[in-house]
Every structure is written in C-alpha cells, then in structure tokens.
Amino acid sequence: MSGAERIAAAFSGCKGRAALMPYMMGGFPDLETSLAIGNGYADGGADLLELGVPFSDPLADGPVIQSAGSAALASGATLDVVLSVALELSQRLPVVLMCYSNAILARGTERFVGEIASAGVSGLIVPDLPLEEAPATAESCAAAGIAFIGVAAPTSTDQRLAAIGEATQGFLYTVAVAGTTGERGEESNYSEVIARVRKHTSAQVALGFGISTPQQASAAADAGADGVIIGSRLVREASESSSPAEDCQLLVEQFAQALR
Amino acid sequence: MSETKLEHRFGPYGGQYVPETLMPALAELEAAWLSARVDDAFQAELGRLLRDYAGRPTPLYLAERLSAAAGRTIYLKREDLIHTGAHKINNALGQALLAVRMGKRRIIAETGAGQHGVASATACALLELECVVYMGAEDIRRQAPNVQRMELLGATVVAVEAGARTLKEAVSEAIRDWVTNVADSHYIIGSAVGPAPYPAIVRDLQRCIGDEARAQILEREGRLPQRVIACVGGGSNAIGAFTAFVGDDEVELIGVEAAGEGIESGRHGAPLTAGGRPGVLHGSLSALLQDDEGQIAEAHSISAGLDYPGSGPEHAWLRDSGRATYVAVTDDQALVAFEQTAQLEGIIPALEPAHAIHYALHVPSDSDLDLICLSGRGDKDLAEVLKLLGR
C-alpha cells in the first residue's frame with residue numbers, strides 16, 4: 001500500500017466523522033518520551049499522526065513548537081532519531097512527516113525521501129516549500145510512494161488554490177488563519193475557509209493552525225473539515241506535564257470524543 | 001529596467017522558500033515594484049527624498065592618509081555621511097514609499113546593528129507609518145544608542161530572546177509577524193537576503209551607491225578603480241557598490257566578511273568565504289553556515305551587522321561565477337582598522353566597513369586605485385569598542 005493509499009484508508013475508516021490528526025515534535029522532550037507520547041496519541045484515538053522534525057529556524061511555527069524543536073535539538077534529536085520514532089509509530093497508524101526544506105536539502109532530496117519511506121512514513125509536509133519550489137521533492141515522493149501534501153492558506157489566490165488543490169496527494173493541509181502555529185482563543189471562520197478550498201480540490205481537507213480546544217475541533221468538523229490537526233496545545237502539554245504521555249493521551253481522548 | 005519579472009534566481013541561488021501564506025504578498029510586492037520603478041512620479045518622489053532629506057549623492061572622498069598607509073590611492077564612498085548614518089536609509093525610504101503605494105500602513109523591520117531599524121523608523125516617522133522593529137536581545141545590549149533612537153522616532157522595538165539573540169533570530173521573528181499580519185503590513189527587509197523579490201528590490205534601491213561612485217571616480221581620476229571593496233553581512237551595501245561595476249570586467253569586486261575569532265575557530269560570519277554546502281535560510285537558497293543535518297549555525301562577529309550565518313543569493317552567484325571574490329577579516333583586525341581610520345582620517349567608521357578597510361590597508365595587492373564603501377559611521381559602536389580596547 002502506498003502512503004497516499006494508507007492515508008486514504010485512514011480517512012475512510014473514520015466513516016463520515018472527521019479524522020483526528022494530532023501533531024508531535026519528534027525527539028521531544030527526548031526519544032523515549034516522544035515514543036511514549038506517540039503511543040499515547042494512538043491509544044487516545046488518533047487516526048493519523050503528524051510528526052515534526054526539529055529545525056533551528058522554523059518560520060511557520062509559533063513559540064510553543066519553536067521551543068519544543070530547540071529543546072529536542074538540545075537533547076540530541078536528529079533526523080535519524082525522528083525516523084526511529086516514525087518507524088515504531090507507523091506500525092500503528094499512518095505517519096505524516098512535517099519537515100522544513102533545509103533538512104531535506106542537507107540530506108539530499110532523493111536520499112531523504114528514501115529514508116523516510118524506509119521508516120514507514122506515509123506523507124510529507126514541507127511548510128516552507130510552496131508549489132513553485134516543490135516539483136523536485138514532489139517527484140521524488142511520488143516515485144517512493146510517499147504522499148506529498150500541499151498547503152493551502154487563507155491568503156492563497158483562487159488560481160494558486162486550484163494548482164495546489166490539483167497537485168496535493170493524501171490530503172490538503174488547510175491553514176485556518178494567517179499566522180504561525182499556536183493556540184488561539186477564537187474560532188475563525190472555518191466554514192468559509194473550508195468551502196473556499198473545496199471548490200478547488202477533490203482531496204480530503206484537513207484543517208490546522210490555532211485549533212486548540214475540543215470545542216474548536218468540533219466546530220471545525222461541523223464546518224466540514226475531513227480532518228482536524230491539533231498541534232501547539234498538545235506540544236504545550238508535553239512540555240508542561242510531569243507525565244506527558246498520559247496527559248497527552250487524556251487530551252487526545254477529549255479531542256477524539258469531540259469529533260465523535 | 002523594463003523587465004516584466006524580477007530575478008527569482010541568481011544562478012542556482014535565491015528562490016521563495018516561505019510558507020504559502022506569504023506567497024501572494026510576494027507576488028503583490030513584485031508587481032508593485034515593477035510598476036513603481038518605471039513610474040516617473042514614484043521615482044521623482046524617491047529621488048527628492050534621497051536628495052533633500054537623506055543627502056544624496058554622498059561624497060567620494062580621497063583618503064590621503066589611508067592611501068599613504070596602504071601605498072595606493074584609496075577613495076571612500078561616504079555612506080556614513082547620509083541621514084541616519086548608514087546606507088540602510090536608501091532601501092528603507094524606497095520600500096516605505098512602496099508600502100504607501102501598496103496601501104500598507106504598518107511596517108515590520110528587523111535589525112542587527114540597529115542601522116536598518118533606525119532607517120526604517122525614520123522613514124516611517126516621515127511617512128506616518130506604524131513601525132515595529134525586531135532586534136535580538138544581545139544586539140539591543142551592544143547597540144543601545146540605536147534602540148533609543150528608534151524609540152524616539154516612534155517605533156516599537158521588540159526584543160527577540162530566541163537562539164543567540166542576534167540578527168538571525170530577529171529576521172525569523174519579523175517574518176513570523178509578517179505571516180500573521182500580511183494583510184495590512186509590509187516587511188522592509190534590511191539586507192539583500194530573503195525570498196524573491198527582496199534581493200532584487202534591495203539591490204535596485206542600493207545600486208545608487210555604485211552608480212554615483214562610478215561617475216564620481218571617473219570624474220576625479222579619469223578611470224575606473226582597480227578594486228571595489230565592501231563588507232558583506234547579508235550584503236546590501238556590497239551589492240549596492242558592486243552592481244554598477246559588474247559589467248566592467250577590469251574592476252575587481254571584493255566582499256569582506258566577518259572572520260570573527262578566525263575561520264578555523266568556527267566562530268565567524270563568513271559563509272561565502274568558508275564555502276560549504278548551500279542551504280535555505282529566511283526564504284532563499286544561498287551560502288550558509290550550517291551543520292550536517294541542515295540546522296543553521298550561530299554566526300559570530302564583533303559587528304552586529306555582519307553577525308549573520310547567511311548571505312545574499314546574488315553574492316553566492318557572483319562568487320561561483322567568478323565575478324566577485326569573498327574574503328574575511330577577524331574581530332581584532334576590524335578593531336585595528338577602526339582605530340586607524342579614526343586617527344588617520346578623523347573618521348570613525350562603523351565596525352562593519354572597518355572590516356573592508358582592514359583588508360584594503362593590510363593585505364598586499366598590485367592595485368593602485370581602490371574604492372571602499374564606507375557603509376556607515378561608528379558612533380553606535382563606541383561603547384562596545386572602548387570596552388574591548390580596555391579603555
């Protein structure tokens with residue numbers, strides 16, 4: 001089964017409800033704990049897992065994910081460490097890797113894609129690789145059976161949405177608000193964002209950025225999202241809790257409950 | 001200047017490695033600049049401000065005592081004499097006018113040495129724009145007078161506490177602000193770095209340095225210089241000085257980076273000189289200090305303006321194509337040139353161009369006519385230099 005097929009199976013396994021797609025920072029706070037957190041996500045009811053590769057200068061991330069990345073690097077996280085997490089967790093659920101472009105260039109695109117495929121990764125999101133810069137990476141992914149997942153933003157023009165919506169594999173990562181990752185109090189206009197991208201894609205629409213409470217997750221699902229991505233809220237739990245795996249699992253259970 | 005597109009790539013370098021949220025804003029910016037740079041009214045307004053408000057053209061000064069010390073004729077392009085004390089105002093005024101043209105009334109800027117922050121704050125005061133400047137906490141400490149200046153001009157200075165708390169982190173935080181507030185804000189990037197079209201816009205706005213200097217030296221000497229020498233952090237004063245001379249094959253172009261504590265120490269800001277694999281930082285592919293995993297390394301330089309692990313993509317291409325040469329000068333050497341320039345010429349240079357001056361004074365050459373871009377004045381560096389010199 002290719003990565004795109006495995007992702008599609010995960011969405012169809014949700015039987016009409018929105019998929020729960022929690023994000024975790026690979027190697028944070030350390031390798032062992034991050035494995036436990038990922039298993040907690042799976043036990044708590046995650047349908048797909050988004051796994052971040054720590055980067056020194058993550059332009060799309062707010063303070064919580066930035067500092068988790070810095071802490072992971074300080075504790076010795078490398079791409080190999082993150083891929084060892086992927087290898088184990090991909091036994092349980094589809095893993096989508098979120099990685100900035102310089103880490104891919106550093107490894108060499110072909111080799112990078114080969115290594116993530118060997119680690120069982122199903123899809124790749126590169127937050128700083130817009131459509132124009134993506135062709136080489138997308139081609140390598142296609143050849144290796146990895147879904148190269150496009151990103152749509154609220155600021156994208158219709159013309160860009162059409163091209164991104166056409167090119168994306170697996171699902172369309174839809175950014176709910178202009179900004180960086182991070183918890184937000186308000187529910188932005190999810191229905192409008194989702195309706196707009198739907199016009200331009202036949203892919204599953206997963207909504208992320210700023211969704212930090214079960215109520216917001218439920219609102220995103222009601223607004224028509226096929227998947228709901230929860231990032232900073234969970235990463236904050238992982239950084240603040242004294243028993244991160246258990247507490248993250250509890251939170252994921254609450255999000256899963258909200259989507260039922 | 002009638003191209004329908006600005007350069008997105010310089011050889012393999014450049015590009016637009018940014019979140020999708022910013023892509024439409026980059027397209028809007030490119031269209032706005034393409035129309036503004038051929039709009040007579042816009043150019044007349046920018047020309048008027050550069051002349052009457054900022055003080056262009058800046059003088060080309062025959063530095064006789066530096067010449068005697070070097071054993072060859074040295075001219076200094078006096079960007080230190082322009083309003084706000086550095087070449088950064090050329091770019092800040094142009095981009096602030098462009099923001100007004102785009103209907104964006106909130107300006108974001110980053111700053112290392114503080115010169116670009118002061119220039120942006122100045123342009124914003126003049127044009128009634130809101131101004132937010134991101135600055136690393138370490139730079140706020142070592143460039144205190146410029147922080148006071150920005151605040152007096154009405155700007156909000158935001159301290160950035162991440163990483164080494166210098167220019168790299170300030171740029172990252174400025175870009176994050178722009179991602180969040182892109183609808184009503186324009187990001188005035190201060191150097192010839194960042195995603196396309198920024199490196200081309202900054203070059204277009206800084207090329208007045210070399211355009212003026214080329215005409216001035218032809219008038220004075222009846223010939224072109226043998227060498228044009230400028231310091232390179234991101235590389236805006238250097239690209240500004242070089243551009244007019246790129247077509248003059250006989251003129252050697254030399255960019256001087258920060259060797260910090262020495263290239264071999266690993267503590268420097270000289271990605272073009274040190275070589276190595278190119279990488280992506282702040283939206284473009286260029287020469288970069290990084291580790292094997294692609295994590296960006298911390299730069300080090302005595303001068304905040306050169307304390308940056310990246311470099312402008314056009315410089316990386318000028319290097320690879322053989323048109324320009326990049327070298328590096330250490331912290332200690334820059335301090336020597338700082339004092340020498342003060343004592344021999346009565347000019348206190350910024351620590352950044354002190355690197356370029358040291359190279360011209362102390363590295364043997366067959367050249368008999370050098371043109372150095374004195375990109376800014378050194379008042380901002382006094383406290384730090386005096387402390388380092390133990391006075």
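In this predicted model, the area buried between chain A and chain B amounts to about 2,600 Å², with carbon and sulfur atoms giving 52% of that value. The size of an interface is often expressed in this way, as the accessible area that is lost when the parts come together. The contact draws on 36 residues from chain A and on 32 residues from chain B.

Between chain A and chain B, 4 salt bridges are counted, and one salt bridge is formed by Glu133(A) with Arg9(B), whose closest N and O atoms lie 2.5 Å apart. Polar contact between the two chains involves 17 residue pairs, both residues of each pair being at pLDDT 80 or more. On the side of chain A that touches chain B, at least two residues each are supplied by α3 (63-74), α5 (101-107), β6 (151-152) and α8 (158-167) of chain A, and the largest share, 6 residues, comes from α5(A). Sorted by class, this side of chain A has 19 nonpolar, 10 polar and 7 charged residues.

The largest nonpolar core has 189 residues, of which Leu97(A), Leu124(A), Phe171(A) and Phe242(B) touch the most other members. Helix α1 (residues 23-36) of chain B provides the largest share of this core, with 8 residues. When residues up to four places away in sequence are not counted, Leu124(A) touches a set of residues that includes Val96(A), Leu97(A), Ile104(A), Phe112(A), Ile116(A), Cys141(A) and Phe148(A), and Thr137(A) is also among them.

Definitions and conventions: Residues numbered from 1 in each chain as written. Chains lettered and ligands numbered in written order. Predicted model: local features only at pLDDT ≥ 70, side-chain atom pairs only at ≥ 80, totals over all residues. Heavy atoms only, no water. Contact = heavy atoms within 4.5 Å. Buried area = accessible area lost by both parts, 1.4 Å probe. Salt bridge = Lys/Arg side-chain N within 4 Å of Asp/Glu carboxyl O. Polar contact = N/O pair within 3.5 Å; in protein donor to acceptor, adjacent residues only side chain to side chain. Helix = DSSP H or I, 4+ residues; strand = E, 2+ residues; numbered from the N terminus. Nonpolar A, V, L, I, M, F, W, Y, C, P; charged D, E, K, R; others polar. Core = buried A, V, L, I, M, F, W, Y, C linked by side-chain atoms within 4.5 Å. Buried < 20%, exposed > 50% of the residue type's maximum accessible area, 1.4 Å probe, protein only.
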